[in-house]
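Morning, everyone. I have one model to go through today, so let me put it on the screen.

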2 protein chains.
Amino acid sequence: MSIVFQKKANPNVSVDCVVFGFDGSDLKVLLVQRDLRDNLVEGDDTLVLPGDLIFDNEELDDAAARVLTNLTGLRNIFLEQIGAFGSPKRLLKERDQNWLKAIRLEPNARVITIGYFALVNIKNYKIKPAGFAKHLLWHDYDTVAELGFDHNVILNGAITKLRNKLYREPVGFKLLGKEFSLHQLYTLYNEIMGGDIDRRNFRRKMLKTGFLKETENYQEGVPHKPARLYTFVKKEFDNASKNNFKFY
Amino acid sequence: MSIVFQKKANPNVSVDCVVFGFDGSDLKVLLVQRDLRDNLVEGDDTLVLPGDLIFDNEELDDAAARVLTNLTGLRNIFLEQIGAFGSPKRLLKERDQNWLKAIRLEPNARVITIGYFALVNIKNYKIKPAGFAKHLLWHDYDTVAELGFDHNVILNGAITKLRNKLYREPVGFKLLGKEFSLHQLYTLYNEIMGGDIDRRNFRRKMLKTGFLKETENYQEGVPHKPARLYTFVKKEFDNASKNNFKFY
DNA sequence: TTTCAAAGTGTAATTTTTACACTAAGTTTG
DNA sequence: CAAACTTAGTGTAAAAATTACACTTTGAAA
């Protein structure tokens, strides 16, 4: 091993959030135009994930939560780290370089970002927009095109993590309202898992878990037989998870 | 939302590696004394994970690989990111503060570290020690006590990741030699999964996967019936993984 | 040649998964 | 107001996977 002088890096660190929502039939992801996200940047309509540089003395998780609260006004959103994305090449696209200048980082500054993913109920979000939330858009996950920075990479990391998680834990409920029909839950699982799940078997399996408690309420305003609504009972899951339950 | 001036952080970034090994009966993890790891630091025998600050213009994965190559002389080691650990409180212990001074970072410098986990075959490691490898020790995973920095947290992240991964992919083979007995594989799974797996069922399940190819070789030097040795056939796994195979 | 230690082998009961089609209920339309 | 439409809701049988469980084989060592 030869000892070579190499400068140690002293990078900036940001967080970027992949916020998933579900509108009843499609999986959505929250995107923002870069010039609306970073208000020093003008005339750059590239779509990016919501994010920001972290503050001094701020926990990484808190930085992600701050970004989300500023966006949606919601607090206590489900939020989990995906990992660090720190390639020195991640800001080499011309538009990204312009962004670097605009936010007044040194020309060759290195920015390492920590990716997070969040699950929110679109309806809750609609009720309480806040801050620069008006600039946000729910984009169909399936049709997301090229994003700024390396945000497509982060998005891929997020969907993988979401699928793995959904397989093990009932996080899907976080994307739905407090009460939901089994059909909504089924559609959600099918959409996220990219799957082809049998409707009857899904219903039986979910009900057997005991996580679902039926309410006395039914769908309203639908032009057909209304479905019974259920709620998620966390306590039951906490017991069952010891039993190593596996979802689809 | 009020706009408040808050200084953006400009932290240093390091990588730390949780290197797992398996000696045939116990899961091991590679640790090093801090004063031997960071050669500017004197008289600090706190145990830490091997790690280093990243270089300018170096990929995060490459930084982790560099640390491992310097340690073991091995290249192309299986290595996967665990995530970022960036609490502002992670260096507050007195010994950690002394470390900050010793490596000449500013007193309140913030260091964010990216955790990695690696799986190596202990025997390969023994064959080719290199660099400062002589300072390393294989510590029993089960009996690791308090480490420096937040390295216990990183270690917990690593074992969780390893278990999840082992459940889905045949990474266990990376901890064994090229040829291994079913008993070795069994012991490994039992140890990592903290499990209580039925020996006969394990054998049947593993053989049925088709990932294992029997060789004409047998254990040598054991005072009992020698076991047949097997190798791992990656091609078979790549097919089977489409079939959503699940390990223990 | 006996003893010891781990290798190697099979089966039956239970549980889980899968595939698959009709009836019920409420709304809309003619 | 009856027919048509749409989604809700239900059961069963076959196949596959999982679990629990005990004895024989083989080679080395005593």
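I will take the DNA side and then the protein core. This is a predicted model, in which local features need pLDDT of at least 70 and side-chain atom pairs count only at pLDDT 80 or more, while totals for chains, interfaces and linings use all residues. Residues are numbered from 1 along each chain as its sequence is written, chains are lettered from A and ligands numbered from 1 in the order written, and side-chain values use heavy atoms, without hydrogens and water.

DNA strand D has 21 residues around it, and Arg199(A), Arg200(A), Arg228(A), Arg200(B) and Lys225(B) come nearest; near here is a heavy atom within 4 Å. By class, twelve of the residues at this surface are charged, five nonpolar and four polar. Charged is Asp, Glu, Lys and Arg; nonpolar is Ala, Val, Leu, Ile, Met, Phe, Trp, Tyr, Cys and Pro; the others, Gly among them, are polar.

Which part of DNA strand D is within 4 Å of the protein, by atoms? Sugar or phosphate accounts for 46% of those atoms, and bases for the rest.

Now some individual pairs. Arg203(A) places a polar side-chain atom 3.2 Å from a phosphate oxygen of DNA strand D. On chain B, a backbone N or O atom of Pro223(B) lies 3.5 Å from a base nitrogen of DNA strand D.

The largest nonpolar core has 74 residues, and Ile114(A) and Ile114(B) have the most contacts inside it. Such a core is a set of buried Ala, Val, Leu, Ile, Met, Phe, Trp, Tyr and Cys residues joined through side-chain atoms within 4.5 Å, buried being under 20% relative accessible area with a 1.4 Å probe, protein chains only.

Conventions: Polar contact = N/O pair within 3.5 Å; in protein donor to acceptor, adjacent residues only side chain to side chain. Buried < 20%, exposed > 50% of the residue type's maximum accessible area, 1.4 Å probe, protein only.
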